[in-house]
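Please look over the sequence and the model below before reading on.

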Amino acid sequence: MRILFIVPYPIGRAPSQRFRFEQYFDVLTAAGHSYEVAPFISVDTWNILYKPGHTFRKASGILMGFLRRFALLFSVPSFDFVFIHREAAPVGPPVFEWMISKLLGKKFIYDFDDAIWLANTSEANKIAAGVKWHHKVADICAWAYKNSCGNAYLATYARQFNPAAVVNPTTIDTVNLHNQVRDQAAPGRLIIGWTGTHSTLKYLDQVVSVLAKLEAEGLDFEFRVISNQPPQFPLRSLVFMPWRKETEIADLLGFHVGLMPLEDDPWAKGKCAFKALQYMALGVPALVSPVGMNTEVVQHGYNGFVCATPAEWETSLRKLLADAGLRQCLGQAARATIEARYSVVANSPNFLALFQ
């Protein structure tokens, strides 16, 4: 079959695209399928999208994206399936989805990995939120041939409008990418780590006081934050590392412990535990909030710890900082969990079934 991927961003840039479908391209080819990818945003626009200024270039990039989408409609009929990740256009009503489904009569798979029907108006995205047209998600779910949802919470939402909704988890390539395991017994300063974008740095607020307390007691550790923007936390242990695709795995392998705090709100319930999946695939125990998919992935005391209060974050961190054997044991169980349930190898039949 010929499959058209309609996506927001250029190939290889956005984590949601890389870990939800781009790493399955070889799997599709091996199964005899061919594909094309149609991003809305060009590489040039992507490079300035989250930088201050460049208003005219950003507006021009969005306009060109709409022009590319209209031109794309002429080639849509030549494909057997269309796979739409999150939305065909980042702003406005679902015009292209409606035309693909209703005018062209084409089957499309709708894929999403966040609660994107909600207006997640953080400081980082409050301007864009006003034109996002969040309520279009319900219509797109209804028109889709199948809905590919990152977790059960998202699938439950989609099934309100269309019974054809399956859980297609965000997965890790344990063979070609996350294919190393952290040696917890190796000498060196202990590193508590976190990775994510500027828009999710706010979730770390709940653990800053715990880290400050451990610092004040003289515990020797580094709190390493890997992101696209440096955080502003009053911590001596804080070390910022800019995220780089080329060193992503090596940087994460530096962690002894990985953090994934979340706020218990409707938006966070849609999260697909991606940070935890990355840590665990590398043999790094994950400490997570009991929100959404986190408690499905992390089993307390077996492959990581689930922490609901500052006292629980503190207790879990103390245990892991003090005991390399415990970190090693949890890390091995974490890696096994990913290989069995959240790897590209394990999920390939589920992904391929989307196109049946």
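The protein carries 34 positive and 30 negative side chains, and the centres of the two sets are 4 Å apart. In this count Lys and Arg are positive and Asp and Glu negative, while His and the chain ends are not counted; each charge is placed at NZ of Lys, CZ of Arg, CG of Asp or CD of Glu. The model is predicted, and local features need pLDDT of at least 70, side-chain atom pairs count only at pLDDT 80 or more, and totals for chains, interfaces and linings use all residues. Residues are numbered from 1 along each chain as its sequence is written, and side-chain values use heavy atoms, with hydrogens and water left out.

The protein has 16 helices and 12 strands, taken as DSSP runs numbered from the N terminus (helices are H or I, at least four residues; strands are E, at least two). Its C-alpha trace spans about 65 × 45 × 35 Å along the principal axes. The radius of gyration is 21 Å, which agrees with the value near 21 Å for a compact globule of 356 residues; this radius is taken over C-alpha atoms, and the globule rule is 2.2 Å times the number of residues to the power 0.38.

Of the 356 residues, 54% are buried. Buried means under 20% relative accessible area, exposed over 50%, and partly exposed in between (1.4 Å probe, protein chains only). Among contacts (heavy atoms within 4.5 Å) between residues at least 6 apart in sequence, 72% join residues at least 24 apart.

The interior comes next. A nonpolar core is a set of buried Ala, Val, Leu, Ile, Met, Phe, Trp, Tyr and Cys residues joined through side-chain atoms within 4.5 Å. The largest one has 93 residues, and Tyr-110, Phe-112, Phe-223, Leu-259, Leu-287 and Leu-317 have the most contacts inside it. A second, separate core of 15 residues includes Tyr-24, Phe-81, Leu-354 and Phe-355.

Helix 12 (residues 274-281) is mostly covered, with seven of its eight residues buried. Among them are Lys-275, Gln-278 and Tyr-279. Gly-283 follows this helix and has a positive phi, near 75°.

Which other residues have a positive phi? Most residues other than glycine have a negative phi. His-54 has a positive phi, near 60°, and sits in the loop between helix 3 (43-49) and helix 4 (55-72). Because its relative accessibility is 36%, His-54 counts as partly exposed. Arg-86 has a positive phi near 70° and lies in the loop between strand 3 (81-85) and helix 5 (95-103). Arg-86 counts as buried because its relative accessibility is 17%.

Two further residues can be followed by their contacts. Val-167 belongs to strand 6 (residues 165-167) and, at 35% relative accessibility, counts as partly exposed. Not counting residues up to four places away in sequence, Val-167 touches Cys-149, Gly-150, Asn-151, Ala-152, Ala-155 and Asn-350. Tyr-9 lies in the loop between strand 1 (2-7) and helix 1 (15-20), and its contacts beyond four places in sequence include Pro-39, Ile-41, Trp-46 and Tyr-50.
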